[in-house]
Amino acid sequence: MKILEKIQDTIAEVNRRASVKIDTIVPANSLTVAPHDDGVTLNYGEEQVEILERAHNQLASITKIPANYYQRLQDDDNFMLAGNVNHWLRQSDRSHMVRVLDGQARALMSDMYLRIDNEVIARHALPEVLKQGDSVYPLQSMVTDDRMSLKFLHQDLKAEIDDKGTIRPGIVISNSETGQGRFNVQSFFFRDFCENGCIFGRADIDLAISQVHRGARLPVGMLSQETLGYMSQTIASQTADMIRYIFSSEGFGHMVSRLKAIADSARVAPVHAIDMVKVLGQDFQLSQQERQGALDSLLSDGDFTQWGVVNAITKQANTADNDDRINHLENAGAKLIDFNQVQWDRIVNRVNAMPVQIAA
């Protein structure tokens with residue numbers, strides 16, 4: 001399927017979900033779990049809905065039932081599960097947002113959960129992207145029960161950081177409606193030389209928007225679309241502004257200046273490349289395979305600066321088999337870009353001082 005068709009499918013699915021999803025603020029002591037032979041349902045008022053796995057996990061957290069025990073009850077005894085959950089729900093004086101989609105409880109959030117919903121973001125972001133015309137190419141379009149991610153690359157803006165190729169700017173828009181991450185708009189760059197991408201530094205407030213889903217406490221009852229509220233609309237408008245800035249000469253110039261600075265940073269001694277990968281592999285939770293790939297890339301490219309290490313790590317996203325892992329590796333690059341000169345020099349000095357291991 002062509003990526004443009006995939007984007008159209010993603011937006012169609014976002015709009016479909018917007019038309020059928022229902023959010024209701026319910027006191028915990030008004031929620032009950034009803035057991036059946038093949039599972040349990042969540043009941044409140046006149047509603048009876050199936051419970052998806054994410055909502056089960058959140059129910060376990062709300063009732064403080066240990067996850068392993070909750071899973072055992074879910075597998076073996078629906079009646080005992082309902083009894084345990086209902087007992088602890090009756091003791092609570094809190095309220096929760098029940099997020100229902102297609103007749104299924106997909107999440108149980110706090111009554112202070114700030115809804116920044118996918119359709120609001122898409123409604124403001126996509127027209128701004130489309131204004132760029134054929135200059136902007138879509139790289140990723142995904143919507144699941146837990147996450148939406150949109151990634152776009154500007155093909156006409158480009159610059160050289162080193163002598164190995166060019167970089168181009170992009171933007172990543174990600175959001176979760178079920179508590180699995182904050183709303184983020186982040187600048188992104190793509191490197192032609194090794195065909196890998198990297199989130200630009202997360203600490204750079206000029207090139208990123210980040211908002212946790214937390215707002216004012218909401219009243220009990222079903223929530224209308226109007227109660228998405230001013231905050232959500234404001235964030236969506238800021239997203240459109242950010243897209244314009246990132247895809248401008250000024251915004252891209254800001255990115256290029258920072259990347260040229262890390263390309264001129266202190267170098268790790270080649271004999272300590274393996275030590276550098278080991279240290280950062282622990283910090284960034286890289287698998288053994290990803291660490292070996294990063295080491296191979298570092299030695300092959302021969303660039304032992306901060307810029308070279310960023311590219312060695314993010315290049316491993318090319319071998320990742322799912323979107324979550326790709327995003328993890330691209331964000332690992334962002335964390336490394338965020339290291340200032342003092343932080344980077346401290347790591348380099350520490351690694352270069354390690355004993356050199358000589359093979360027997």
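In which crossing, right-handed or left-handed, does α8 pass α12?

**Orientation**

This is a predicted model, in which local features need pLDDT of at least 70 and side-chain atom pairs count only at pLDDT 80 or more, while totals for chains, interfaces and linings use all residues. Residues are numbered from 1 along each chain as its sequence is written, and side-chain values use heavy atoms, with hydrogens and water left out.

Colour the chain by pLDDT, the predictor's confidence in each residue on a scale from 0 to 100. The chain has a mean pLDDT of 87, and 89% of its residues reach 70 or more. Helices (H or I, at least four residues) and strands (E, at least two) are DSSP runs, numbered from the N terminus.

**First stop: α8 and α12**

Select residues 273-283, helix α8, and residues 341-352, helix α12; their axes come within 9 Å and cross at roughly 125°. Axes are lines fitted to C-alpha atoms, for helices over the stretch in contact, and angles run from 0 to 180 degrees between N-to-C directions. The two helices α8 and α12 are therefore oblique to each other; angles under 35 degrees count as roughly parallel, over 145 as roughly antiparallel, 65 to 115 as roughly perpendicular and the rest as oblique. To answer the opening question, α8 passes α12 in a right-handed crossing. A crossing is right-handed if the near helix is turned clockwise from the far one by less than a right angle, and left-handed if anticlockwise.

Show side chains next. Asp-275, Met-276, Val-279 and Leu-280 of α8 meet Trp-344, Ile-347, Val-348, Arg-350 and Val-351 of α12, contact meaning heavy atoms within 4.5 Å. The residues of this contact between α8 and α12 comprise seven nonpolar, no polar and two charged. In this scheme Ala, Val, Leu, Ile, Met, Phe, Trp, Tyr, Cys and Pro count as nonpolar, Asp, Glu, Lys and Arg as charged, and the others, Gly among them, as polar.

**Second stop: α10 with two partners**

Select helix α10 (residues 306-314) and helix α11 (residues 323-337), whose axes come within 8 Å and cross at roughly 165°. That makes α10 roughly antiparallel to α11, and the crossing is right-handed. From α10, Gln-306, Val-309, Val-310, Ile-313 and Thr-314 meet Leu-329, Glu-330, Ala-332, Gly-333, Leu-336 and Ile-337 of α11. By class, the α10 contact with α11 has seven nonpolar, three polar and one charged residues.

Arg-258, Leu-259, Ile-262 and Ala-263 of α7 make the contact with Gln-306, Trp-307 and Val-310 of α10.

Most residues other than glycine have a negative phi. Select Asp-102, in the loop between β5 (95-101) and β6 (104-110); Asp-102 has a positive phi of about 55°. Asp-102 is partly exposed, with a relative accessible area of 42%; buried means under 20%, exposed over 50%, and partly exposed in between (1.4 Å probe, protein chains only). Beyond its neighbours within four places in sequence, Asp-102 is in contact with Arg-16 and Val-20.

Finally, select Gln-285, in the loop between α8 and α9 (288-301). Gln-285 also has a positive phi, near 55°, and is exposed, with a relative accessible area of 57%.
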